[in-house]
Amino acid sequence: MAAKYCCMVMRLNVDCNGCCRKIRRILLNMKEIETHLVEKQQRRVSVCGRFVPADVAIKMRKKMNRKVEIMEIQEFDGSAEQMEQRAMITTCRPHQVYCF
């Protein structure tokens, strides 16, 4: 089954730059994730791509050994309006992590 393109925001405890690097390494190794953003101050991780949201959250939980809370999920199907919105979301460079 092919997963729909979706964007998900998770709350994850990011204490230090080491945690930020570990999250980045985990996300880069997940082939289904196209773009991601780590916001250290807000303790949020945003990911976009073709994946099942629960599977990504479970992988993050197992690899980080920390509690992961899914805050928001946006799924996009093939409609023209949503594809425009997707294009605006993915205008940032793929696989870039910003630790704010």
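**Salt bridges and the sheet**

Modeller: Start with Lys-59, which is partly exposed at 35% relative accessibility. This is a predicted model. Lys-59 forms a salt bridge with Glu-32, and the closest N and O atoms are 3.3 Å apart. The two sit in distant parts of the chain: Lys-59 in helix α2, Glu-32 in the loop between α1 and β2, 27 residues apart. Glu-32 is partly exposed too, at 25% relative accessibility.

Now the setting. Helix α2 covers residues 53-64 and lies across β1, β2 and β4. Its direction runs at about 35° to β1. Helix α1 (residues 17-29) also packs on the sheet, where it touches β1, β2 and β3. The sheet itself is open, with four strands in the order β2-β3-β1-β4 and antiparallel pairing. The edge strands are β2 (33-39) and β4 (68-76).

The structure holds four salt bridges. One of them joins the side chains of Glu-69 and Arg-11, at 3.9 Å from N to O. Glu-69 lies in strand β4 and Arg-11 in strand β1, so this pair ties together parts that are 58 residues apart in sequence. Both ends are partly exposed: Glu-69 has a relative accessible area of 37%, and Arg-11 has 36% relative accessibility.

Another salt bridge is formed by Glu-39 and Arg-44, at 3.2 Å from N to O. Here the two ends fall in separate classes. Glu-39 counts as buried because its relative accessibility is 14%, under the 20% cut-off. Arg-44, with a relative accessible area of 29%, is partly exposed.

Definitions and conventions: Residues are numbered from 1 along each chain as its sequence is written. This is a predicted model: local features need pLDDT of at least 70, side-chain atom pairs count only at pLDDT 80 or more; totals for chains, interfaces and linings use all residues. Side-chain values use heavy atoms; hydrogens and water are left out. Two strands pair if DSSP finds at least two bridges between them. Contact means heavy atoms within 4.5 Å. Axes are lines fitted to C-alpha atoms, for helices over the stretch in contact, and angles run from 0 to 180 degrees between N-to-C directions. Buried means under 20% relative accessible area, exposed over 50%, partly exposed in between (1.4 Å probe, protein chains only).
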